[in-house]
Structure formats: structure tokens, C-alpha cells
Amino acid sequence: MTSINKPAVRHPSAKKNQIGLSRADYEGGMSTLCAGCGHDSVTAALIQSFWELDLPPHRAAKMSGIGCSSKTTAYFMRQSHGFNAVHGRMPSVTTGANAANRELTYIGISGDGDSLNIGFGQLAHAIRRNVNMLYVIENNGVYGLTKGQFSASADLGSTSRKGEVNEQTPIDPVLLALTLGATFVARSFSGDKAQLVPILKAALTHRGFALVDVISPCVSFNDHEGSAKSYAYVRSHEVETVQADFVPLRREIKVPEEHEEVTVVRLHDGSQVRLRSTTAGYNPRSRDSAYRHVQACIKKGEVATGILFIDDAGRDMHDMQRTVPEPLTRQPFELLCPGSAALERLMERYR
Amino acid sequence: MNGVNDFAFKSATVNGTGSASANSLLMEAIFRMGIPVTGKNIFPSNIQGLPTWYEIRVSGEGYTARPPMIDLVVALNPATYAQDIASVRPGGYVLYDSSWPLDPKLARDDVTLLGVPLGAMCREAFTRDRDRTLLRNIAYAGALTALLQIDMAVIEQMLNEKFGRKKALLEANHRALRLGYDYARAHFTCPLPFHCAPLDKTSGAVLMDGNTACALGALYAGATVGAWYPITPSTSLMDAFKEFCQEFRVDPETGLHRYCIIQAEDELSAAGMVVGAGWMGARSFTCTSGPGISLMQEFLGYAYYTEIPGVFINVQRAGPATGMPTRTQQADLMSMAYASHGDTKHIVLFPADPGECFTLTIAAFDAAERFQTPVFVASDLDIGMNDWMIPRLQWDDSYRPDRGKVLDATALEQLPKFFRYLDSDGDGVAARSLPGESGKGAYFTRGSGHDRYGAYTEDSAAYADVLARIGKKLDTAAHALPAPEYLRQDGADVGIVHIGSTAAPVREAVARLRERGVTADVMRIRAFPFAPEVRVFLERYRSIFVVEQNRDAQLRSLLAIETGVRRDQMTPVLDFAGQPMTADAVVSAVTSHLAGVSA
């Protein structure tokens with residue numbers, strides 16, 4: 001995974017967030033992706049979200065697998081530990097890391113091949129465990145690093161650059177996550193920062209598994225007319241369902257100009273996400289209607305974006321495991337090892 | 001064999017009918033009489049309805065290997081009558097259920113048949129079908145108590161301990177026990193020529209299986225994350241760990257857990273979780289068996305190259321493929337030692353019995369963190385699932401985990417700059433930082449090529465530099481891992497090398513070889529990569545025998561690869577049929593080879 005060191009340029013007048021960091025402090029290495037890659041826009045949106053959330057970089061862990069998308073964790077938050085796992089296995093590594101230290105913010109970045117082909121099983125089970133993490137799929141329907149093979153999210157009938165037609169049905173990560181019981185499901189488009197940033201912030205603050213599927217066109221292998229994941233296609237077919245306006249309580253609460261049909265979602269850290277449905281009657285708390293809505297859009301050839309489902313009362317992995325609140329990595333050895341007297345008593349059972 | 005405190009018997013039953021409790025009752029009673037005893041459970045990969053055997057060896061001399069012959073068989077499974085009766089030594093005994101006639105064709109002139117109407121007696125004494133089936137086992141235990149002169153008071157005491165509060169059950173068990181006992185006393189000469197006589201050789205010992213002992217090791221080593229996928233014969237290990245954690249790791253005030261046990265969706269994921277938790281700084285482990293090791297290969301190579309600690313307990317079973325899941329082997333040696341693609345080498349520790357399952361599991365956690373690498377504990381089904389007589393486990397309260405070189409926030413602050421893979425003191429191990437501590441310790445963990453500073457590289461020299469340093473680290477480890485154990489005799493000119501559970505048959509074989517004029521020294525290797533003294537031993541003797549439980553002489557191959565000693569200078573003694581090895585197998589292989597050499 002290539003990266004080039006980027007000089008950290010900090011202008012003295014650059015705006016600081018509440019922990020005294022400028023946006024540049026959330027940057028990472030120079031991207032080595034193709035010029036114009038959607039993934040770089042996602043990186044920019046992530047940096048903006050972290051900065052706005054006052055996230056201390058060293059309290060986050062950046063997790064990824066293999067592929068173009070998985071390279072991007074090197075392009076933000078250079079002061080965070082990063083983990084570039086084996087292909088498709090980022091969910092299990094994150095699950096183990098989170099089990100050991102539940103205090104960190106886990107940022108998982110994956111792609112459609114990494115999540116829906118080789119890592120399909122791991123993604124499914126991380127959702128079921130409700131591992132507390134942000135899980136971004138930078139979804140372009142194509143394998144970039146190996147030069148243009150279809151991934152499992154390639155649309156039926158879409159053509160590759162070489163003219164091959166995809167005849168296999170696609171896997172929609174949003175429908176998958178809704179089916180598997182994910183507690184936060186959203187979709188956006190890499191080129192729509194205004195929508196993506198609030199979604200990412202809401203996802204980062206959600207306690208539990210937050211899936212954000214980001215359609216992120218591949219400029220080298222999929223940004224052409226036959227592809228349903230090209231810039232032109234998505235821009236013309238995007239249907240925004242729910243607009244998220246994320247407002248942490250420690251900042252001034254902005255009341256949206258249009259505040260009819262607003263759903264307020266309280267997140268675990270006490271902050272709130274305000275969801276505005278642009279479709280009359282849309283309920284982001286109903287798994288059933290979210291499912292129906294996404295499918296209805298697919299039938300119309302449209303892409304449902306926005307926060308599609310939230311369950312802020314879901315039990316995360318640690319709730320289910322009944323783990324102590326302090327990270328397991330910080331438990332004093334005396335509380336872990338029962339000691340010699342206990343062992344002596346134990347031995348009586350084996351006589 | 002076949003004298004006082006020197007005999008073996010086995011029960012042949014159908015699995016799922018409750019014979020396990022009768023067998024453990026007998027074994028524990030003999031143990032409580034102070035007589036060394038071993039049990040081998042030979043069971044099917046099935047829940048109910050297939051043949052199962054339990055062999056109990058009584059040995060005043062303390063030999064714990066699989067018995068060389070069977071003096072008495074309790075034949076309760078008509079489906080295996082023929083083979084069970086055939087398995088008794090000439091002059092031995094067959095106890096069978098005479099409620100139904102035995103096919104006269106099965107009788108042997110050279111064995112004594114002891115018919116006990118177990119079924120008929122239980123049918124008469126008990127009304128419920130369940131009792132009639134289950135208590136038939138206790139009735140045969142009663143008959144054996146009389147025939148083998150097992151202390152009835154001890155057995156009754158054990159029943160009291162087990163069923164103390166369940167009065168009806170206790171009474172029924174006592175009654176069934178008496179039925180068999182009284183019948184045997186009334187109809188046969190009790191005791192038989194071979195039987196038990198109290199000794200005082202078990203007071204410092206316990207009866208424990210290796211999976212329980214590994215679980216205790218993980219508990220005492222301070223492991224907090226266990227990730228696993230159920231697979232025979234390792235499953236009872238994580239079950240035991242969970243039970244110990246429920247007893248010792250639940251906060252008394254909040255009821256919350258100081259542990260996290262995750263049943264993964266497969267072994268790939270279990271390995272990933274171990275690696276993730278190890279990276280984060282927790283002591284993490286998995287338990288699995290051969291097929292699981294195959295699935296974990298990619299992550300093992302990843303953890304090797306990125307230098308992340310983790311403990312992988314492999315309770316080996318008979319392979320390849322699904323193989324025989326309920327039979328034992330030592331056939332994963334190569335797949336552990338060099339697991340994964342590319343240049344890799346892994347630390348493997350070889351416990352010989354449940355006692356070492358405890359100590360070497362703890363040693364594995366220390367080695368994993370000290371050398372920042374995955375460490376295997378190579379147990380097997382025989383150690384893991386059978387009850388062994390071992391010295392009581394001891395604990396030194398001054399023990400503290402060896403966390404290896406870990407830089408906390410304060411230490412990181414004192415550095416001009418932190419580089420993850422920079423070996424500053426030349427021992428091959430670079431200091432690591434844990435996520436969450438300090439931005440100064442941040443680095444990118446990557447399985448792709450990296451240089452000593454932790455940066456991505458495709459530069460040949462920078463890449464080779466790191467790979468060579470990791471190789472050196474494993475060389476360093478060889479000096480620091482548990483040393484081989486020796487059994488030496490004056491004038492020995494034969495050397496026997498082995499690992500793990502073959503300790504019991506080898507020890508017995510050495511005594512029997514001596515009776516035949518062959519004086520052998522033994523080296524039991526306890527760790528891979530091998531300590532330098534391993535080569536010294538291999539070069540010292542006229543003949544070297546390598547005893548192991550696989551077809552391809554994998555231990556011999558490892559010795560040849562790693563020490564440079566020629567393969568043809570080491571004679572393999574192999575048993576890969578899936579049963580625990582007997583001393584006979586070792587004795588006959590050694591003597592026949594030596595006879596061939598001198599002829």
C-alpha cells in the first residue's frame with residue numbers, strides 16, 4: 001500500500017476546533033489514488049467530520065482491508081494507529097481490537113470487493129455482533145487495483161471497460177445491513193460532501209455498527225456510460241431520502257430552516273442527529289419501511305441516499321458480552337489472575 | 001502386567017447411554033485409593049448410538065501410557081462383541097450382560113466369561129426406562145468394584161459427594177452399585193488375580209485433562225480475549241476458560257465481565273480477532289485443531305510479519321482433511337512451524353501432559369509478547385481430552401506477565417521520534433506502541449512491505465533488512481524458550497528424541513529396553529525453534545530414534561532442516577493410527593532396528 005509523506009502545513013490563522021487542532025492536523029499521507037478518485041472525496045469528508053467532532057486522533061484506530069479503498073486510511077489522521085489487514089478480514093481484526101479496548105473510536109474503511117466478495121462473511125457477522133464502529137464502504141462496483149474486474153456490487157447488465165456484461169445479481173450493502181439487523185444504515189455519494197459529512201458524524205457518534213455505503217465512482221475502470229456507478233449516472237439518479245443535520249450538544253444547536261418533518265435521534269453520548277425526511281412519511285426508525293424504500297428506489301433505477309435507518313437503543317457487542325466499562329487492556333493483573341490460594345482450592349476438585 | 005496394581009480393563013458401550021459417569025467413578029475411586037491410574041476415552045465423532053470404549057490402566061509403578069494389553073473387558077455393546085472379546089489377552093476375562101444369551105461362537109477357550117444379568121436386574125429394580133439404561137452402568141461398576149477389589153467405601157463416598165442433595169438419585173445409584181457388587185460376590189471368586197491394593201502414590205496428584213489445564217493457564221496468564229470456532233477436540237478448552245472466567249473474572253458488585261469470549265463465524269475470523277486484540281495490547285488466544293490451523297494460515301503469516309502477539313492452542317487430531325476428529329495425532333508440526341506463505345517460522349511449544357498444558361500456555365503468552373509473534377501450544381486429543389494423573393498445579397504469586405518491549409505515553413514522549421520496526425538494541429525485537437496511548441506512537445500496521453521505520457516500501461534493501469531482522473528475532477527466541485528435558489542413563493549409546501504426549505510411552509519403553517540390554521537416553525523437546533543443545537544431543541549417539549505420531553516423520557524433517565543433521569542418521573518411530581501410542585510400539589521399533597544394524 002503506497003503512500004507519500006505530505007508536509008504538514010499549518011497556517012497560524014487556520015481555524016482550530018475545541019481541542020485546538022486545525023483541519024490539517026487530521027490529514028495523513030498524500031493520496032496515491034488516481035486523480036479524481038471518489039475515494040479522495042470521502043477522505044476529505046472524513047477529515048472534516050473528525051475535525052468538527054473534536055476527535056482526538058490518538059484515540060481513534062483506522063482499520064482497513066485490501067484494495068484501493070483500504071489504502072485511504074493512510075491519507076487521514078496520521079496521529080492515529082492504522083491497521084491494514086488481510087483482504088476482507090478487517091471486521092474480525094476490529095472486533096478483536098474493540099473487545100480489548102472499547103474506548104477508542106474505530107473507523108473501518110472498506111470497498112465493495114473487500115466487503116461484499118472476499119469479506120462478505122466477516123461483514124455480516126460484525127453487523128450481527130453490533131461492533132461499535134464506523135464502517136464505510138467506498139463502493140464503485142469494480143476491482144481497481146487488479147484493473148477492472150466486476151465486484152459483487154456491480155449492477156446487473158452494467159458493462160466493464162472491456163465490454164463484458166455483468167450477468168450476476170448485485171449485493172446491495174444497505175439491504176444486507178438492514179436484513180442483518182444493523183443499527184445504523186446510511187448511503188451517500190462521494191461527490192456530495194454536504195450530505196456525507198453530517199452522515200459520517202452521525203455514524204461516528206452512533207453506538208453500535210454504523211454502515212455508510214458511499215457510492216464512489218472509479219475514474220479508471222468504471223466511470224463510463226455502461227456503469228451504474230459512474231459520476232454521471234449517480235448524479236442523475238440520486239434520490240435523497242433523509243437529510244442529516246448533526247448537532248453535538250457541546251456546540252451551538254442550529255435549528256434547520258425548514259423544521260417540519262424533523263426526526264430527532266438522541267445518540268448515546270447525549271448528542272443528537274436531526275433527520276429530515278424529504279419523502280413524506282419516511283420513518284428512519286422503521287426497518288421495514290427503510291427496506292421497502294430502498295427497494296422501491298432500486299426498481300425505479302434510483303439510489304436512495306441519506307440516513308435510512310437508525311436504532312439508537314440497540315445493544316452493542318459489549319452490552320451483549322456484559323464487559324466491564326474500563327477497557328480489558330487496562331485491567332490490573334491482580335484482578336485477572338486468581339492467585340495461588342485459589343489454585344490450591346481448585347485442585348481439590350480434581351481429586 | 002496382570003498382577004496386583006498392574007492391569008488394565010476397558011468398557012465397551014454405546015455412546016450416549018451414560019457409561020462415562022461409571023467409568024470416571026471407577027477411575028477416580030482407584031486414584032483415591034492412592035494407586036496411579038490413567039483413562040483413555042476412545043469415542044466416536046457422534047452424539048448417540050455408536051460404539052465407544054474407555055480404557056483404564058492401573059499401574060502401581062506409575063506408567064500412564066496406553067496399556068499394552070487388556071486383562072478384562074466389560075462388553076456391553078452387542079455390535080462390537082466380537083472385536084471386544086478378541087481384544088482380551090489370553091487368560092483374561094470378559095464381563096457381559098447375561099440378561100440375553102451370548103452367541104456361543106464368540107466364546108474363547110482362553111478367556112473366562114463372567115455373565116452378570118445387568119439389564120434384568122435393573123429392569124426389576126427400577127421402573128423408569130431412563131433409570132434402567134443409565135443405572136446398568138453403575139451396576140457394572142458395582143460388579144467391577146467386587147472383582148477388582150476397589151474400595152466400596154470410597155465409591156459410596158463419591159456417590160454421596162455427587163448426588164448428596166438429590167436423595168432419590170443417590171439412593172438409586174447406591175442400589176444399582178450394590179446389585180452388581182452383590183451379584184459378583186455371590187457368583188464369582190472375588191477378587192480376580194489382578195486387582196487393586198491401596199497405595200500412597202497419588203496424594204500430591206490430581207486427575208485433569210489438558211484442555212482444562214490450558215484454560216487455567218490462559219486464566220492465570222491474564223488472557224482477556226478468547227476468540228474461537230467450535231471444533232473437536234478443542235471445544236472443551238474454551239468452555240473451561242469460560243467457566244473459570246465466570247468464577248473468577250466477574251465483578252462482584254456489577255456482575256460485569258473482565259473478559260470477552262467471542263464465538264467467531266469461522267477460524268479465519270477467530271484468528272483475526274486474536275490478532276486485533278493482541279495489536280491493541282490484550283493477551284488474546286484461540287483454541288482450535290488441524291482444519292482450523294489451515295484456515296488461520298493467512299493471519300498467522302500476517303501476525304508474523306507485522307509482529308503482533310497471539311496464542312494459538314492447537315489440540316491436534318487425526319488428519320489430513322476432516323480425518324478422524326476424535327482420534328489423536330501429532331501431524332500438524334510442519335503446518336505450525338512454517339505456517340503461511342513466504343518466509344515464516346513460528347514458535348511452537350509442546351506440552352507432554354496437562355501439567356505442562358498449564359505451564360506452557362503461560363510460557364506461550366510470555367513468549368508471544370516478548371517476541372511479538374504468534375505462538376502455538378501444540379497439544380493433542382490424548383492430552384486435551386483424557387484425564388491424566390499429574391502433580392497438583394502450583395502458582396507463584398510473584399509472577400508478572402512479560403509484556404515485552406512496549407512503550408507507554410511517557411516513554412514515547414522521551415523519544416525524539418518513534419519508529420515501529422527499529423531494533424535499537426540489536427536483539428531482533430523492536431519496541432511497539434499500543435493504540436490509544438499517544439499520537440507520537442502512531443504507526444501504520446501493514447502486511448505489505450515495510451521498512452524499519454514502519455513506512456511502506458518496495459525498496460529491496462529496506463524490505464530485506466526487516467525480513468532478516470525478524471529471522472534473527474526467531475533465532476534469539478530459540479535460546480529463551482523452554483529447554484528440552486532429558487532422561488539420562490550411564491553408558492547410554494542410543495538416543496531417543498520426542499515431543500509432547502509420547503512422553504508416557506517413551507518413559508515406559510526406556511525401562512523395558514533396559515531390561516533387554518538397550519540403554520537409551522531421552523531428549524524431550526519442548527519448543528521450536530530448537531535450542532542449540534538439540535543438535536548436540538542428535539550428534540552424541542550411535543543411533544538416534546525420533547518418536548512421533550504422524551506418517552511422514554515431521555519432527556525428524558524439522559530436526560534435519562533446522563539442525564543440519566542428516567535425515568538418514570535419525571530413525572523414525574511412527575504411529576499414526578490415531579490412538580495414543582503404547583510403549584510396545586517404541587520398544588519393538590527400536591529393538592528391530594538395532595537388530596538389523598548389528599546383523
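Let's start with the buried residues of helix 1 of chain A: G38(A), H39(A), S41(A), V42(A), T43(A), A45(A), L46(A), I47(A), S49(A), F50(A), W51(A) and E52(A). A residue is buried if 20 or more other C-beta atoms lie within 10 Å of its own, exposed if 12 or fewer, and partly exposed in between, with C-beta atoms placed from the backbone. That makes helix 1 of chain A mostly covered, with 12 of its 15 residues buried. The cover includes helix 2 (68-71), strand 4 (133-139), helix 7 (193-205) and strand 8 (209-215) of chain A.

This is a predicted model, in which local features need pLDDT of at least 70, side-chain atom pairs count only at pLDDT 80 or more, and totals for chains, interfaces and linings use all residues. Residues are numbered from 1 along each chain as its sequence is written, while chains are lettered from A and ligands numbered from 1 in the order in which they are written.

## The helix itself

Helix 1 of chain A spans residues 38-52 and reaches 21 Å from its first C-alpha to its last, close to the 21 Å expected at 1.5 Å a residue. The expected span is 1.5 Å times one less than the number of residues. After helix 1 of chain A comes D54(A), with a positive phi near 55 degrees.

Chain A has 12 helices and 12 strands in its secondary structure. Helices (H or I, at least four residues) and strands (E, at least two) are DSSP runs, numbered from the N terminus. Of the 351 residues in chain A, 55% are buried.

## Where the chains meet

Now look across to chain B: 55 of its residues are in contact with 51 residues of chain A. Contact means that the C-beta atoms of two residues, placed from the backbone, lie within 7 Å. On the side of chain B that touches chain A, helix 9 of chain B gives the most, with 10 residues.

Strand 2 (residues 81-84) of chain A pairs with strand 17 of chain B in the parallel sense, over three bridges. Strands pair if DSSP finds at least two bridges between them.

## The nonpolar core

The largest nonpolar core has 269 residues, and V185(A), I30(B), L95(B), A143(B), I347(B) and L349(B) touch the most other members. Such a core is a set of buried Ala, Val, Leu, Ile, Met, Phe, Trp, Tyr and Cys residues joined through C-beta atoms within 7 Å.
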